[in-house]
Amino acid sequence: MELSLCESGWFAAGSAFPLSCIHTSTSLQKLGKWEKKNRIVYPPQLPGEPRRPAEIYHCRREIKYSKDKMWYLAKLIKGMSIDQALAQLEFNDKKGAKIIKEVLLEAQEMAVRNHNVEFKSNLHIAESLAGKGHYTKRIRLHGKGMFGIMKIVKCHYFVKLVEGPPPLPEPRKTGFDQAKEYVQQLRSRTLVHTL
Amino acid sequence: MVVVVLHLMPPIRHLLQRCWQRLERGLLPAVCGVQSPLWGLAPAVQAPACLPEPAAGTAESGEGPGFLGGVLWMAAPKKRRSIEVNRCRRRNPSKLIPVKRNIDVCPECGNLKLKHVLCGYCYAKVKAETQQIRREISKKEGGAFNAPTVESVVLYDGEKPTEKDEGKRIIERARKRPSWFIRN
């Protein structure tokens, strides 16, 4: 009589055979795409290749805040170094600023602990996004027996830290440059359907 | 007098009858210009019917049936604003959060502070110590309205009152003197 795997597992308390443990706790919630990005493993780099900078993906889900308001903070810190971003968020009065600061500090610690980043200041924010979370609908009572349906709004916040100094902002295109480009375009025209 | 007129001009009699019917109904649009002294009652009735009408007409030209007409002149959006138009408005540089350029490092503790504002960390630590001193004071006084009329001086562990502290109330704190609380 064949014992099923689970039964043999339960009887494994005193047996000599080390059977695989059963997960008694429930599995974690379904991982989102952003969390899975931390799991990719690249093949080892060849000796001649330039060093690939470390990338750390972190997010926080279902924050009780509006995605439109969170977007302004995400736009503020995009492209800054992590120290500058933390400084800006510390002196910002918005509710989302405190939350994003916590997320950045968590990500920084993760970087140093798990992702082989040498200096915790040598990180910059490559991507910073705010997304819509689950909305719950509720009834909001108005006067004269009227009612409206209000949405209780939640958002997600995503951040990608990359090792290295922040990239320089692109220099603004001057009028002179645009004019030069135009002249170049005119000069590179060729005659078609001719001898 | 009126009877004699009626006998002499039958077409006028018909006109008069029609005008009288109209008067009874309360409206007299076109004939109001003709105000002959023959019709004793007529001018009294005609004038209020005539004069307010053009005035009322101009006033009510927009509103028609009372208060309901006012609704037609409320501002309302003509078209749904597209997401591109909405984005142009929401992402305008005036609506973005400006980058602060007045952040410095506190020379005492090394935390960040704004240039014109006290360092938050240092302020919090001073506040905590002040709270402890105030607790000691309240323990000494033992109630409200018992503040003495002399100065107070705070002494920490291992400190003795000097000649300058004569006549002052002494408040003991059971800890080492903090570095930022200088003794004069």
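## Ser128(A) and its surroundings

The side chain of Ser128(A) comes to 2.8 Å from the backbone oxygen of Ala74(A), in a model that is predicted. A second polar contact, at 3.3 Å, links the side chains of Ser128(A) and Tyr157(A). (A polar contact is a pair of N or O atoms within 3.5 Å; within protein, one must be able to donate a hydrogen and the other to accept it, and residues adjacent in sequence count only if both atoms are side-chain atoms.)

Ser128(A) sits in strand β2 of chain A, residues 123–132. Helices (H or I, at least four residues) and strands (E, at least two) are DSSP runs, numbered from the N terminus. Ser128(A) counts as buried because its relative accessibility is 3%; buried means under 20% relative accessible area, exposed over 50%, and partly exposed in between, with a 1.4 Å probe and protein chains only. Leaving aside residues up to four places away in sequence, Ser128(A) touches Ala74(A), Ile77(A), Lys78(A), Tyr157(A), Phe158(A) and Val159(A), where contact means heavy atoms within 4.5 Å.

## Where the chains meet

Now to the interface. Here 13 residues of chain A are in contact with twelve residues of chain B. About 1,100 Å² is buried between the two chains, with 68% of that area coming from carbon and sulfur atoms. (Buried area is the accessible area, with a 1.4 Å probe, that two parts lose on being put together, summed over both.) Tyr72(A), Gln88(A) and Phe91(A) provide 52% of what chain A buries against chain B, more than any other three residues.

On the chain A side, α3 (67–77) and α4 (82–90) each supply at least two residues, and α3(A) gives the most, with five. By type, the chain A side divides into seven nonpolar, three polar and three charged residues. In this grouping, Ala, Val, Leu, Ile, Met, Phe, Trp, Tyr, Cys and Pro are nonpolar, Asp, Glu, Lys and Arg are charged, and the others, Gly among them, are polar.

## A look at Gln88(A)

Gln88(A) belongs to helix α4 of chain A. With a relative accessible area of 5%, Gln88(A) is buried. Its side chain reaches the backbone nitrogen of Lys100(B) at 2.9 Å.

Chain A has six helices and five strands, running α-α-β-α-α-α-β-β-β-β-α from the N terminus. Of its 195 residues, 29% are buried. Among its contacts with a separation of 6 or more, 69% are between residues 24 or more positions apart.

Chain B has six helices and four strands, in the order α-α-α-α-α-β-β-α-β-β. Buried residues make up 17% of its 184 residues. Of its contacts between residues at least 6 apart in sequence, 21% join residues at least 24 apart.

## Reading the numbers

Residues are numbered from 1 along each chain as its sequence is written, while chains are lettered from A and ligands numbered from 1 in the order in which they are written. In this predicted model, local features need pLDDT of at least 70 and side-chain atom pairs count only at pLDDT 80 or more, whereas totals for chains, interfaces and linings use all residues; side-chain values use heavy atoms, with hydrogens and water left out.
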